[in-house]
Amino acid sequence: MKILLSTLGSRGDVQPYLALALGLQRAGHRVALAAPATFTDWIQSYGVTAAPVRFNPQAVMQQLGKGRGGLRTLTAMLHLLKDGMQDAQNQIWDAVREAEYVIQSATGMGMLEAAEARGIPGAFAYLFPFAPTRAWPMFWLPFRASPGGLYNRLTHHVMLHLLWQVGGAMANAWRRRLGLKPWRSAHESLAWARKLRLPFLYGYSPSLLPKPADWDDLQQVTGYWFLDPPPGWRAPADLQRFLDGGPPPVYIGFGSMNAEDPERHTRLARRALELSGQRGLLLTGWGGLARSASSDNVHVVENAPHEWLFPRVAAVVHHGGAGTTAAALRAGVPGVLTPFGGDQIAWADIVARAGAGPRAVGIRRLTAERLAAAIERAVNDPAMRARAAALGETIRAEDGVARAVEVIERHAAQFAP
């Protein structure tokens with residue numbers, strides 16, 4: 001079966017879909033991954049066909065880097081996605097014409113409509129919960145702020161309305177171009193998905209966030225989709241020497257966040273390490289931390305595979321992105337989450353509720369003293385470390401990719417000639 005996946009996010013967003021693509025290839029399918037062109041070489045290094053899309057995910061990450069509240073960040077990101085989506089849809093249409101089954105992420109908008117126009121089946125695949133529920137609020141709002149089920153359900157409808165206000169006209173313009181009937185609302189689009197029996201695959205662990213009782217059988221929480229380090233990857237000699245040269249360090253990095261003031265964050269991180277008496281490993285990523293010189297107790301790197309690195313550190317200080325959160329949980333080490341915005345706020349709440357990390361402080365309110373206190377607890381609290389280790393063991397025993405492949409194949413079989 002020829003399968004096309006699409007995602008237009010950052011590297012942390014693309015990585016789980018690359019893992020899913022590899023799982024589908026191992027099951028005997030021919031797979032292509034439509035993603036921003038900047039990731040083409042990386043995708044192909046795993047032997048997966050890339051379908052490059054002209055889209056700049058760093059512009060979207062800059063909105064999160066500003067540390068705004070959830071709904072403000074979502075609105076700004078949706079406008080950016082809207083600006084870049086029309087060109088992306090044309091490229092996605094070209095890729096869909098070669099496919100027999102499609103899988104669309106939260107940022108792969110337009111692909112399932114193209115599949116409908118072609119008469120081929122498909123599925124949604126998200127890294128966070130999407131379907132309305134009474135169990136928790138819309139995922140871009142803090143979980144701990146929820147007063148109850150009625151409020152939770154209402155926030156999902158507010159989100160759908162917001163999504164429609166920003167992207168509804170564009171979605172219908174695309175549908176008209178494909179010869180499809182326009183939708184009148186986001187709720188009608190969900191009714192369309194239910195009528196077509198499109199599965200929703202959620203690539204996170206049910207041990208962390210179980211499937212709520214009011215979700216139907218189309219909603220499938222599969223477990224995380226983990227990607228191993230690239231074939232032949234070896235740690236740089238200086239990084240390996242630092243790791244071998246003392247007790248496990250504390251990792252501090254903000255992944256794909258493009259911060260407004262990376263120098264402040266770097267000074268804050270170094271001071272927190274000094275106050276807590278810990279060795280540190282700083283990862284600069286896309287600009288969340290500034291490039292600076294390494295020292296005896298602090299080593300600076302631009303990038304390293306989380307799956308390899310995190311089991312070798314004492315704790316992980318990060319922004320709360322879905323991919324980094326998953327990797328830290330899998331490693332079984334406590335996470336200190338400092339969310340910038342968006343779904344990071346919810347993941348920070350969930351990790352704290354699970355006892356796998358201290359209660360989060362948002363990046364704008366973070367101080368060296370607060371970060372040092374959180375690091376000290378993450379490194380020295382035996383109960384927290386035990387809970388993180390136990391959760392990591394559970395997550396490592398799950399096989400989210402295999403479960404997702406099973407759901408996809410079962411769904412596709414219903415359309416086999």
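Trainee: How do you know that the span of helix α15 agrees with its 14 residues?

Mentor: Start with the source. This is a predicted model, where local features need pLDDT of at least 70, side-chain atom pairs count only at pLDDT 80 or more, and totals for chains, interfaces and linings use all residues. Residues are numbered from 1 along each chain as its sequence is written, and side-chain values use heavy atoms, with hydrogens and water left out. Now α15, residues 400-413. The expected span is 1.5 Å times one less than the number of residues. That gives 20 Å, and the end C-alpha atoms are 20 Å apart, so the two agree.

Trainee: What makes a run a helix or a strand?

Mentor: DSSP runs: H or I of at least four residues for helices, E of at least two for strands, numbered from the N terminus. The chain has 15 helices and 12 strands.

Trainee: Why is L5 called buried?

Mentor: Buried means under 20% relative accessible area, exposed over 50%, partly exposed in between, with a 1.4 Å probe and protein chains only. L5 has 0% relative accessibility, so it counts as buried. L5 sits in strand β1. Across the chain, buried residues are 60% of the 417.

Trainee: What does L5 touch, leaving out residues up to four places away in sequence?

Mentor: Contact means heavy atoms within 4.5 Å. The partners of L5 include Y17, L20, V31, L33, I103 and M111. L20 is 15 residues from L5 along the chain, with 8.9 Å between their C-alpha atoms.

Trainee: Which residues of α15 are buried, and how do you know which side they are on?

Mentor: The buried ones are G400, V401, A404, V405, V407, I408, H411 and A412. They cover an arc of only 165° around the axis, so they lie on the same side of α15. The arc is taken from the directions from the helix axis to the C-beta atoms. Their cover includes α1 (11-26), β4 (101-104), β5 (122-126), β6 (200-202) and β7 (219-221).

Trainee: What makes β3 and β7 edge strands?

Mentor: Two strands pair if DSSP finds at least two bridges between them. The open sheet has 7 strands in the order β3-β2-β1-β4-β5-β6-β7, with parallel pairing. β3 (49-53) and β7 each pair on one side only. The twist averages 20° from one strand to the next.

Trainee: How many bridges join β2 to β3?

Mentor: 5 bridges join β2, residues 30-36, to β3. P36 stands opposite V53 in β3.

Trainee: Why are α11 and α14 called roughly perpendicular?

Mentor: Axes are lines fitted to C-alpha atoms, for helices over the stretch in contact, and angles run from 0 to 180 degrees between N-to-C directions. Under 35 degrees is roughly parallel, over 145 roughly antiparallel, 65 to 115 roughly perpendicular, and the rest oblique. α11 (residues 322-331) and α14 (residues 382-397) pack at about 105°, with axes 6 Å apart. They are therefore roughly perpendicular to each other. The contact is made by L329, R330 and A331 of α11 with A388, L391, G392, I395 and R396 of α14.

Trainee: Which way do the residues of strand β10 point?

Mentor: V298 and V300 point one way, H299 and V301 the other, and all are buried. In a regular strand the side chains alternate between the two faces of the sheet. β10 is joined to β9 (residues 280-283) by 4 bridges, and the two run parallel.
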